[in-house]
Every structure is written in structure tokens, then in C-alpha cells.
Amino acid sequence: MNALSRFVVAHRWWVLVSWLLLAAVGGFAAPKATAALSYDFSLPGQDGYETNKVITERFGSGGDFSPILLVIADPGDPAPVVQAATAAVPGARILSPADEPALRAPDGRTSVVVVYPAPGPGPEPYVAALPALRQVAASAAVPVTVTGKDVLESGEDGDSGGADVLVETIAGGTGALLVLLLVFGSVLALMPLLIAAASILTTFLIVWGITGVTDVSFIVQYLLALIGLGVAIDYALLIVTRWREERGHGYSNADAVIRAMGTAGRSVFFSGVTVAVSLAALIALPVPFLRSVGFTGLLIPVVSVLAALTLLPALLLVIGPRLDWPHRRSTDPESRLWRRIGAAVVRHRWVSIALATLALLVLAAPVLGLRLGRPTNESLASQGGTAAAAVLRLDAAGIGSGLTTPIEILTPDPARVRTAVQDIDGVAAVVTPAAWTRGGLSVVDVWTRADSSSAEGADAAATVREAAERAGARVGGTPAQDADFIDAVYGNAWWVVLAIVVVTFLLLLRALRSVVLPLKALLLNVISLGAAYGITVWIWQDGHLTELLFDRTASGAITVWIPIAVFAFLFGLSMDYEVFLLARIREEYDQGHDTDAATVHGVARTGRLVTSAALILFLAFISLAQVPTTEVKILATALALGIVIDATIVRGVLAPALVAALGPANWWRPSRRHPAPAAPEVVHSET
């Protein structure tokens, strides 16, 4: 680190010019990278996905593309609606109440026309079909409403994009600037934002290059912009704070930069590598879109660390002292509030451990009821509108809520499949239209009484799949592909998690020069993750506070890819604060303080810093939650609450209490003997 610092000191202008060019080209590349992102959720090699692929190729529609539903709120003849829909979307597979009585409600007042249009590329597969079908509904002689899963997700106006990612990034950056102004009390607050801007733009430049080689998921744009904003600012905040501290000790600007890099810079390096390792693990999963999140997501900490360790010291050397105006904050990072908190935690270590552990276990408890799936009809309908009202009418009519995501079965013998599945508990209807046959293969549609995203509907769908496969058929549709996703990801997750834990332990062993501290950090991270999962399940799946916070009803399930993505991001991000705290405690211990005094000093000197850093990341995730897609909102909720839990209960109470409780054992390493620390320079009565 000293060698790198001296290189930057000697070549500061070359470093600045290089980053300026990268950022400028990145600004040009960012919109092109965003436009080139993929909306593919393929699962190569999985039975459900491969079946859906055959259905879509052979029949031109369906598979994992859910149907559009025309809900007719009138007992009249639906034939004119069917004829108009057939003309509006040529080549679509259409099923009418005249062909299948199950599409008419028992009271005769509601009926449904099922339309499978040909899907198109991009985020809205029915971008061409929906306007045509809405025109059919508007011109019908009877009340007709267009609805369905894709309609609800795209919104009444057909646009699910919401606010532009740039707008959300600016909103997150504004919140971060306010926090930084409170921290520094000077124009120096702009420095971390400059690092974040350079990091984000450079990362988008790299992603643009990657999109020319392979598909990259659209989710990446939000993660790069908003998580990149928080991470880059956090790393810069740590180094700038330490630079000010060293300047306050009387060191010259260049010497202060070198000393800050040797301490805070070292912590930033190990923290960034830890985040990158946890994200890189996604590359090992057999799911292309998660792989793209992994190998592009790891760019966030890597580029942020590079910027923090090269661009930031160059800026501090050139304009740092001038930006530290007006100088209204002490250069001493020690917080009297956090010193009192640290002293209280150390003094009452066992009580602190018990209360913090109990709180985390209570928060984690709901995770025992975790269900993986898509948002329910009711959750999607909570956004309001005519499509939402229509799907709720469908749910109440008795036709079967699972009609929004039917099970599509591919078979050469539809009669045999009907016999195998029609009497299964929870099945609302089985349809075998004669027109749905191509080349000796037929599609049989089955839908459940309960929403397939609910526990009851998912169980019924799984039973249907087992029965159909025993009858020699192949099973597709959204429920089958979701089940395959769970098997593909979480069937392999244990060894991915193990690999992350082992590599992280080795990194922390090197960073903290202790065996016990890395083990404790990993244990606390597991507990912290459990609490983040639990509170997310409690809010989104169980429906507590969902309407108050998001103006939506419960999702009924957590989207299948979110838990593994949360683990990959939150594991590394949470470890950041643990490394910042433990590295400072280790530094204080090496300077001669005993374990208790080192712990109090560590908490006092990192408390305000880590709290500010966590608040900045929290605001970034709040901006991420403004994306209208329910899945992204759930992801943002888990990340935001996970950061808050880790920065308060874990880092503020449990971690220092455990360090104090373990005493000299914290510093043990095999085959190394550490001499007892010298007497501390100052004895503080509160410790």
C-alpha cells in the first residue's frame, strides 16, 4: 500500500488525467450499455425451461410467457370479442368460454377469453399485442378489461420502466451529499461524490464492453448505479476521514495521504476484495442472468477500490486542503457519543451479547416460513387500475386464480394427461383444445383454483407436474420454470456459500492477523443475514407494513432469485463495517491498549464514520426501491434493512461486546506468540 501511495504521489497528474478520460468515455458508454442489457431469464438444461422453449418455438407463443386475459363482466355472448381478438393478434392461441365452459363463472356473470400472443424481445414481450387487445376491449359491445400477470407488471400505460436510473442515482447522490456535509462540514463533502461518479461511469464503460461478448441482465444497471454510489462513497469517506485525522496530527499533505492509505486504504482494499469475492460466487451458478449479475456486480467494489486507492489520493494531493473549507469539524474522528456507547457495551458485555442476540433471533424468526415464488395476483393488483380490478374480479368469480399463470403440458396423448391430472385436489380446469396441436404434439393447459404464487397453488402445481410426467408428458409454464430455478440455484447454493466463507476467512485472517476475529466476523454476518431475510419475509411475504411503506399488499412469496442475490451483495457489504471496526480495534491494540480500551477506542473512532457510511448506502437502497417492479422493491428492502441491522445491532453492540468478552483470545494465531501489550498511554476511567 505504501508503494502504491508513493506511486500516486509521484504521478498524481497522470492518475487524474487517466481517470478523467475513463469517466468521460464512461459517460458516453453508459446509455449504450443500458440499451444493450438483456431481459433473458433462461435456464439451459432445466426440464421446465426446455419444455417452454419447445412450446414457444412450435406454437409461437406460451411457455413461460403468461397469457393475456380479456375479462368480460357481462353474461352476454363472448363470440364477437373472440373474433375481434383473433383479427387483432393474428397467429395467437385463443381459448374462449364457448370452447371451454370452465372459463365462465358459475354465476354466469363473468367470463374470460385467454389469449397467447407471440412474444417479442425486450422488457415488454407483448408491447405490440397489448395496445391491439386494449382497442378490442374499448370497442366491444360488452364491458371487457384486459388483464394478466404481464399487464399488471407493465402497468396501465404499458410502461414498467418507472423513473430513469439516472434520476434515481441523482436522488441517491443528493441524500449522500447531505450526509457528507454533516460529516465534514466543508466542501470536502464533494470528494466522495467525485470518486463515486468516476467509479460508476467507468464501470458502465466496462459493462458496455461485456455486453458485446455476452448477455448482461437489465437488473445490473440499478445495482451498478445505486450500490456503486454507496460503496464508492463509503470507501472514499473512510480514507478522507483518516486523511483529515493525520493532517490534524501535524503531518504534511503528502505524508497524511500516505499514512491514510497505509491504514484506511488497507481496510478498503480488504473490504472491497471481500465484496467482490461474494459477488463472484454468483458466476458459479447455472443461471445465465445471475452469472451476469455476478461478473458485472463484482466490478462495483473492484472499480470503487481502484478509484479510492488511486484517484482519491491524487485529488487529496492536488485540491484536498482547499476543499476542506470552511473547516468546522474537528479532525479527531473520535465521537463522544460512540465512546459512551462503546464504554457501556464493554462494561455490560454479557448483557449486551444476550440482548443483541435475542433481537437478531427475533428479527430472523420469520425466515423459517420463507416461500419462494412470484408476487401474487393480489399483490400486483394493489397498484390499482382497471386491470387490477379485473384480476381481482377473476379471483372472486370462481374460475380459478391460477389462470394468470397456467401450467402448460406438452404431450402426444392429451386424453391421457387429462385423465391423470383432472381429479387432483386444487385443479380448477384442464383444457385440451384440438387446435393446439403441431406435429403430433399437443399443449394441455391446466390452472389451479388458488394463485400458483400462493402456497396452496404452488403445491397443486407441483402435484400436477408429477402426475403429468408419470403420464409421459413434459411440463412447462411459469410454475414449472420457477420450480426449476429454485432447484438449479439453491440445490448448488451450499457449496457456493462454503466457498465464499472459506475465501473470506482467509482474507480476514490476513487483514486482521487473527484466527478468532475472522471467525467471529463470519458468525455475526450469518446472524445479520438471517435477520435481514426474516424482516423482509415479515414485510413482503407476510404483509406487515407493506401497504404503509410501499402502498402494496403482501407479495405472498419472495421472488425466487432474490435470496441468493441478497446474500451475494449483503454478505460483502456487511463485512465492510466489520472490517472497518475490527481493523481499528486491532490498530489500537497494536499501539499498546488492552483489549477493553482498544475496543472502546475502536468504536469511538469508527462509530460516526460507519453510521454515516451505512446511512448513505441506506439512502441508495431507498432510491433503488423507487423502481416500480415488485422484485426490485423486495431486493432493495432486504439490502436496506440488512445494512441498518448490521450497522446498529451488530457493529454497534454485538461485535464490540464479543471482542471484549473474548479478551486476549481475540489475538490468537497458530504458531505465533503475541507479546502482551504495553501499558496504554492514557487510562480512561469509563473502560
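How many aromatic pairs does the structure hold? The count is 11, where rings of Phe, Tyr and Trp (its six-membered ring) pair if their centres lie within 6.5 Å, with planes under 30 degrees apart called stacked, over 60 edge-to-face and the rest tilted.

Before you click further: this is a predicted model, in which local features need pLDDT of at least 70 and side-chain atom pairs count only at pLDDT 80 or more, while totals for chains, interfaces and linings use all residues. Residues are numbered from 1 along each chain as its sequence is written, and side-chain values use heavy atoms, with hydrogens and water left out.

**Stop 1: a ring pair**

Select Tyr39 and Phe218. Their ring centres are 4.6 Å apart and their planes meet at 15°, so the pair is stacked. Tyr39 is in the loop between helices H2 (12-35) and H3 (47-59), and Phe218 is in the loop between H8 (190-211) and H9 (219-248), so the pair ties together parts that are 179 residues apart in sequence. Helices here are DSSP runs of H or I with at least four residues, strands are runs of E with at least two, and both are numbered from the N terminus.

Buried or partly exposed? Phe218 is buried at 15% relative accessible area, whereas Tyr39 is partly exposed at 32%. The cut-offs are under 20% for buried and over 50% for exposed, with partly exposed in between (1.4 Å probe, protein chains only). Now widen the selection: ring pairs link Tyr39, Phe41, Phe218, Phe289, Phe485 and Trp561 into a cluster.

**Stop 2: the four-strand sheet**

Show the open sheet with the order E2-E3-E1-E4 and antiparallel pairing; strands pair if DSSP finds at least two bridges between them. E2 and E4 (144-147) stand at the edges with a single partner strand each, so one side of each has no neighbour in the sheet. On average, neighbouring strands are turned by 20° against each other, direction ignored.

Pick E3 (residues 111-116), where six of six residues are buried. Ser111, Val113 and Val115 point one way from E3, and Val112, Val114 and Tyr116 point the other way. In a regular strand, side chains alternate between the two faces of the sheet.

On one flank, E1 (residues 68-72) joins E3 through five bridges, with Leu70 opposite Val113. E2 (residues 93-95) joins E3 through three bridges, with Leu95 opposite Val114. Arg93 has Tyr116 as its bridge partner in E3, and the charged end of Arg93 also sits over the Tyr116 ring, 4.3 Å from its centre. That label requires NZ of Lys or CZ of Arg within 6 Å of the ring centre and within 35 degrees of the ring normal.

**Stop 3: another charge over a ring**

Jump to Arg651, which lies over the face of Trp338 at 4.6 Å from the ring centre.

**Stop 4: strand E8**

Select E8 (residues 441-448), with seven of its eight residues buried. It pairs antiparallel with E5 (residues 407-411) over five bridges, and Ile409 has Val444 as its partner. E6 (residues 427-431) pairs with E8 over four bridges, also antiparallel, and there Ala429 partners Trp447.

Methods:
Axes fitted to C-alpha atoms, helices over the stretch in contact; angles between N-to-C directions.
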